[in-house]
Structure formats: C-alpha cells, structure tokens
Amino acid sequence: MINPRRYPLLATIAIFVIAYAICYVQFPYMLSTRVAGNLLTDNAYLGIVAVGMTVVILSGGIDLSVGAVIAFSGVFIAVMLRDTGLHPVLVFALLLALTTAFGAAMGALIHRLGMPPFIVTLAGMFLARGVAYMLTIDSVAIDHPFFDTLQSTYWLMPGKGRLTLIGVIMLLAFVVGHVVAHRTRFGANVFALGGGQQTARLMGSRVGRTTVMIYAFSGLMAGLGGIVFALYTGSGYPLATVGTELTAIATVVIGGTLLSGGAGYVFGTLFGVLTMGLIQTYIVFDGTLSSWWTKIAIGVLLLAFIVLQKALLRLGTPRASALG
Amino acid sequence: MMPAGVKRVLPQLITLAVLVALVSAVFPDFLQLHYSDGRLIGPVIDVLKRGAPVALLAIGMTLVVATGGIDLSVGTVMAITGAVAAAAIVAGHGLLWALGLALAAGLCAGLFSGCLIAFLGIQPIVATLILMISGRGIAQLITEGRILTFNLPAFSFLGSGHLLGIPVPVWLWLAAATLTVVVVRRTALGLLIEAVGINRRASALTGINARVILLAVYMISGLCAALAGIVTTADIRGADANNAGLWLELDAILATVIGGNSLLGGRFSIPAAVIGALIIQTINTGILLAGFPTEYNLVIKAALVVAILVLQSPLLAGDLKRVAARLTRLRHPAPATKKERASP
Amino acid sequence: MLGRELAAEEHAARRAEGHTEAAGEPLLAFEQVGRRGHIEPFDLSIQRGEVIGMAGLLGSGRTETAEVMFGIKRAHSGRVRDVEGTDGGKGADELHLRGPRDAIAAGFGFAPEDRKTDGIVAELSIRENIILALQARRGWMRPIPRAEQQRLANDYIARLDIRTSGAEKAIGELSGGNQQKVVLARWLAMNPRFLILDEPTRGIDVGAHAEILTLIRELTAKGMAVLVISSELDELIAVSDRVIVLRDRRQVATLVGEEIGLEPVVRAIASADTHTEEAPA
C-alpha cells in the first residue's frame, strides 16, 4: 500500500515517463544521452531556483524575487569581473552572501511586519531588478579564463551526451534541497509552518527564525541559479529571466507540492522542471509548432496536473462537504 | 456616509499628496495645467490617463482580494481581449462587435478562473497562474505572433480621444469605479463578498452562495481586464500579444494593497485601491519627470513601495503605539506607577 | 452548583406551563437518515414547540447528526419529510437537503458548535452579522434597507440583552456569550421552524447560560422546535422535553417526561452495550 501523500509525486513521475515515451515514439533520438544532457543543461538555472521555491512554498509562502535575483546575479558577476581584478570564485562567494542576505532581509520583513510574502517579495523583485539596472542597462559579456574553464567543463556520457558542470550543480542542488527539506530540523519546521501548525510546534522566535532562513535559502538558491545562468549564457543582462519566478512556481506545482504549503517533495520539483523542459524540447524537435504552443501546453499541463492532484487528494481523504 | 468614506481613503490621499509634493519639489511644473485645442494638458492629466489600465484592473482586483483570492491573469487577459478586439476589427466587424467580443472574452476568462476556484477548490494563485501562462499563448495564437494594427477611429477614441477636455480612458476608469462602487454598495453584494472573504465557512452556513460570489468577483475582474485591454489596444491602435498588460497584474495587486485592502480578504475599498493605482502612476511619472536616470526607476519605486507598506503595516502601528506608550511612561513616570499600583 | 438549581426550577416551570396550543403538532420527520462513517441511520420526528436534547460523549456523533440534518454533510440514506400542515403526514413533501441553503429554505436554522470558525464573521459588525442570513435568503439584488437593518439589530440587542456599545461594533470584539447571542439573533430574525443549537452555552459566562436557556423556552412557547446539543447535562435536562442519547455514532436511547433525569441520561451515555431503550421507529 502506497502512502496517499506520495500520489502527487508518483503522478508527476508517471506523467514525465509517459511524456518522454510519447516523445520517443515520435522522435526516437530524444532518448539519447545528448538530449538528456541538454535537458539538464538548459534547465539548470530553473531547477536550482525551483529548489529554493519548493522550500518557500512548503512553508506556505511565495518568493517572486527569484527571476530578478538571477538577472542581478548575472549583471553583478559580469560587472565585477569586468571592473575589478577579483577572482571569479571570490565574486561568486560575495554574490551568494549578498543574495542570501537579501532573502533573509525579505524573510525578516515578512515576519516582523506581518506583511504577506507576495507583496514583500514583489517589492524585492523591483529592488533586485532595479539594482541590476543601476549596474548596467546593457548586456555585459563575461570574459575570464577561469570562467571559460567552468563553462566548458563537462563529462562525456555514453552515447556522446554531455553532462555539463551546471547540470551537475542542479542535480546537487536537488540533493541538498532534499536533505534540507526532509532530513533536517529546519525542514521539519518548514513543513510545520506550511501545515499551519505553528502554534502547536513552533513557538515565537522560532517562527521568525525559520521564516528568515526560508527566504535566505531561496535567496541563496536564486544566487546560485544566477551563477549557473551566467555560465550558461556567458553574459549578464538586467532584462534576463523575466517571469522565471512564475515558471518556477509552476514547476513546483507540477512537481506535486501543494501551494498551500505543508505537503510535497523536493524531488517532485525536479520532475516538474524536466517535464517543462521536455515540452520545450518537443516543440523544438517538431519544428512546425509555434512558440506560443509552449505556453498553452504548459498551462494545460498545469491545469491537468492540479485537477489530478485534487482528485487524488479527494480519494485519499473521503470527505465531502456541501459548504461552498 | 461621506465622512466615513473619506476617513477610509485618508491614508491613501495623504500618501498621494506627499508624493505629489515630493515630485513638485523636484519638478515644479507638475501641477501645471493648461487648456489648448479643447483638451486639458499637464503632467497630472498624464498620470490620470496612463494610470487608467492599472486603475481599471485594481477595481476588479479589489473585489477578488476581498474574497481572499488573487487574480494573476488580468495582465494576460488584457492581451487576449486586445487581440480579440483587434482581430475583430481587422476582420471587418464593426466597433460594437469588437467591444462585445472583447468584453465577452474577459468574462469567459473570469468564468474559467472562477470555476476552477469555486467548484474545483483550486487555490486562486494557481488557478489564475494557469491562465496567466497559457493566456499569452492564446493571445499570440489570435494575433499569430504579429502586432495586429488596425485603423478604426471610433475604437481608437476609447484610448486616445478626449471628452470635455479630459482623456477618454480617465472617464472610463472613473465610470467603471463609480458603477462598481454603486453596484456593490447599493446592493448586498459588497457585504456578501466581505462575509465570504472573512469567513467562507460561516458565510456558507448562513446560506450565502459562496460559489456564486466567487464566480462573480472573478468575472468582474475579467471584465475590468477587458476594459483595460481595450483602452491599451485603442491607445496604440494595435494589439501586441507579447507586451500588452505585461506585469500589470502585479501593479494592480500592489495598488489594491496600497489601498489598504488585506490580501487575506475582508473589508475592501475600491476608491482606495484606485487611488493606490494613481499613487503607483505618480511614482512612475514622477521619477521620469524628476529627471532621474531611467535605470533608477525600479529601485526608487521599490523603496517607495516598501516605505508605504511599512507605514501602513498594522504590526508596525502596534509597535509605534507601544513605543509611544513607553515614552510617555518614561516622561511621566510618577502617575503611571501610581495608577499601576492602584489597579489590582 | 447553579446548573442543578436551574434544572429543577426550569423543569418545574416547563411542566407547570404545559404546552401551548401549537405544541405537539408534527413538524418534521427524519426517517432512516444516515451517513457512512458519520452517523448510523436514525429516525427522529420533531413536533412544534418541543425541545429535543441530544446527549452523548465527544465523538458520539452529535455534531455529525446536526450537520446531516442541516445539509452540511449530505445524507447517504433515508429521507426527510416536511409533515407540517399536511393531513397527518399523508402526502407530505420530501425535503432534499443538498446544502445549508436548502435547509434554510425549509425553515431550519443552525448555530454551530465552533462559534469562532463556523458561526461569527468576526470583522463584520453586530448589525451585519444579525442580518446576514436574512440577506442571503433575499439575495444580493434586494438589500435590506439600512434603517430596517438598524431596527433589527437594535431590536435584538435589546431583546437578547447583548452587551455592546453599539450595533456597529465588530462581533469579534464581543465576549463569547454575546457573540452567541448575536448568532442566535441571526437565526431568530429568520423566524425558523426548527432551530439546531450545537453547544449553545459552551464557553460563555454563567449569566448568559441562564439567559440562553430562558430564550429557548420562550421560542418553543411560540411553536418553534429546537434541537439542543449540549455536554452540560444539567442544562440539557432542564430545558428538554425529550432527550436523545448517542453513543458510537448511533442513537441508543430516548428519554421522555419523567424519565428525563441526570441519572438515566448518564447511564445511557456510559452503559457499555445494553441499550436503555431502543430508539423509537
């Protein structure tokens, strides 16, 4: 007997496998490690921010700032490498400290002022993108030998597929996210917060500390996502990744995490990300479909998945009420 | 009735006044108005006109937020309705068809989200996210990825025309806000929306049809988005599926919150939300007029928004009261201690 | 204890009063109504002017019964007949309770157990809370005129002695007892035929207890039928014409007239398996 709480996760995996099978039937080449490698590489930054977003959503919150933080990160790296003699590793460390502190500050505001996360992180989104604009309004190319080395690092998989460094970083981010959310005391607090049990299990200052840590973690992941995006594109651009926060939320929901918080799996989000990437890959392979079909397909998938999730949950808990 | 109504929007009016004063300090001509060619011209008129889309969206958003919901789809619905109107005009149907189809599209969008929320119990943020993402694809499908331009003066009038010297979009949001306020306050709709937003379960137990109320607010929101889409499309004489209404849902939500409406639902004020929209537009226009480099816009906007929200935060108000109380106690320690001793 | 004294007094008063002319006429009949996992099918006929008390331990199915009766949870079996005004129940209309709105349309009222989450709409004023059900029945298109709202609110504030500085105060700021009175006022404004009160005296001060019991007696004197669920057995005994005892989601006893007393009720609630009396058909 499978735990009903796992139904959404299993459904996500099943949908991904079925979708991949359909793709394979039409385009056998899609099963190659090359396509699989690209799937990981192309969606690496999205996957990393989605890890942070999963933790935020598990706690019942939301973080709208991540897309802007990615853009800021790219610009920050590009400008620092251009204007200072700092080594990229130092720049990365600085950046991660900055975005983590930024997330922590948003968490503190949310807790201290009792303001909804939606609004606080919306202001954070304006701020992060605004600062990116202040650094530069143009796209800045990144040119640094060490950076180039990172960009071209990959491991060859059987079948000549490339497992790039950023793809590996994404997978590692999911492992870390999984451990943080499901294996630590902090993770337990996150679930407690999302499940609305704060009065029972979390008292006073621990709610505040957990909230700060949640958004700090999301900030950290957004910063890491920014580094990966910079490696992926080789440049920093303040207008990049607009709306990524919403895509990330969608992947989390497709990944089987309840948006109300308190239930979900970090690894579900990985499959959410891969499913979305798969749709894009399919549309590229098909070649005749216009790009807008991607959006419609993602919307339909989101709808189908949420309806499925509702149905599964209703099966799990047979409760009907006539109350609207 | 008036004093209570004014009292409710007082914080927003003060905020607006302070902002206008700030902008005027840097750009003294901000309040200048002159009349030429049968129209009023000046930065203030510009704010009123450019604020129209967000003001229109904020009307519907306020009702949605009052039920404890949120509508992320309105920006996309603007793109869809604009595309529908433009496509209808390009296909040779007249003004009435264009308007009718666009409004119907807005209603359908609201009905779709409303059904997901009221009947399937999907959270508003996810339900409207579905339409937000796929809707832009639908709009692009209608325009086939191009910017659909048209030439129909009667339609363009809605976006760039003037009536009694005032731009038509201003009349439109004024009329829409007034009509909505009259409808929700002169009927029991406003009370029922607030009841559902505060306590849906208790409301349902008193016999309120919460599902119908939810459907209604999302359909009104869709209708407001359609109007905003029509205004935007008419103004630029074309439908741009990629950019029409892009991120305006966030501004509309911000306007609603600046208007003192709680995202948790409950008591609402449409006039305050509309003033919130004007506050946002004043910030946008003010930053430009004040001559700041455009790259500073977002940072200044973020700072102002945070400042406004922090000042309005109920928790902060509590803190301030406590601080004030402590200060008074420090200043007049003797009577306070006596009182404390006196009371058991 | 006050409750005990109250019980004796109340009981005597009820017996002395006898029944009003309307009392005893059949009103409703629940026949084999049940819901899997919530409440075993039960029979219950309700007469005008009668107070039915429902006793049982926590989890014995009292609230579930009330919820099925008010249509909050749909019954899986049985039927509800509207017997009033028909010739001895022949050709009576069957009521289909698909939700609270159906129950309200049939003249039911329900003051839920959890006042904070299910009863009051905390941020609305006393006036708005009182007129809410009435307004819901009229529909949003026909608002109750403000003057009429104020009249109703002031009327009930005076009649039920709701202690407040005014009708515009948010109900959430009132004490538990006064909140309960507002919830009662909401239903009294509807003039229901059958009122279900789930733990009407829980969490309210002793003075308000007595007032609510007196109110129940007044209502039944006018012909309203009231179902009271209460863990306060003294009160339940004091106010009820008939006491139904639930155990393990099943009706296990019905006590009428002289049988109503603390000891028989407690025995019925607690007895392991031997039914004091079979539930009547």
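This is a predicted model: local features need pLDDT of at least 70, side-chain atom pairs count only at pLDDT 80 or more; totals for chains, interfaces and linings use all residues.
Entry 1: I then turned to polar contacts across the interface of chain A and chain B, where the rule finds one residue pair, both at pLDDT 80 or more.

**Entry 2: the side of chain A.** I asked which helices of chain A each supply at least two residues of the side that touches chain B. They are α5 (88-113), α6 (117-135), α12 (244-254) and α14 (292-316). Sorting that side of chain A by class, I noted 31 nonpolar, seven polar and six charged residues.

**Entry 3: extent of the contact.** I recorded 44 residues from chain A and 50 residues from chain B in the contact. The area buried between the two chains is about 4,000 Å². Carbon and sulfur atoms give 82% of that area.

**Entry 4: a helix of chain C.** I next examined helix α10 of chain C, residues 262-270, and listed its buried residues as C:Val265, C:Ala268 and C:Ile269. Why do they lie on the same side of α10(C)? They cover an arc of only 100° around the axis, and therefore share one side of the helix.

**Entry 5: surroundings of α10(C).** I looked up what the buried residues of α10(C) pack against, and found β3 (51-56), α9 (233-239), β9 (242-247) and β10 (250-256), which belong to chain C. On the face turned away from the buried side of α10(C), I found the exposed residues C:Glu263 and C:Ala270.

Technical notes: Residues are numbered from 1 along each chain as its sequence is written. Chains are lettered from A and ligands numbered from 1 in the order in which they are written. Side-chain values use heavy atoms; hydrogens and water are left out. Contact means heavy atoms within 4.5 Å. Buried area is the accessible area (1.4 Å probe) that two parts lose on being put together, summed over both. A polar contact is a pair of N or O atoms within 3.5 Å; within protein, one must be able to donate a hydrogen and the other to accept it, and residues adjacent in sequence count only if both atoms are side-chain atoms. Helices (H or I, at least four residues) and strands (E, at least two) are DSSP runs, numbered from the N terminus. Ala, Val, Leu, Ile, Met, Phe, Trp, Tyr, Cys and Pro count as nonpolar, Asp, Glu, Lys and Arg as charged, and the others, Gly among them, as polar. Buried means under 20% relative accessible area, exposed over 50%, partly exposed in between (1.4 Å probe, protein chains only). The arc is that of the directions from the helix axis to the C-beta atoms.
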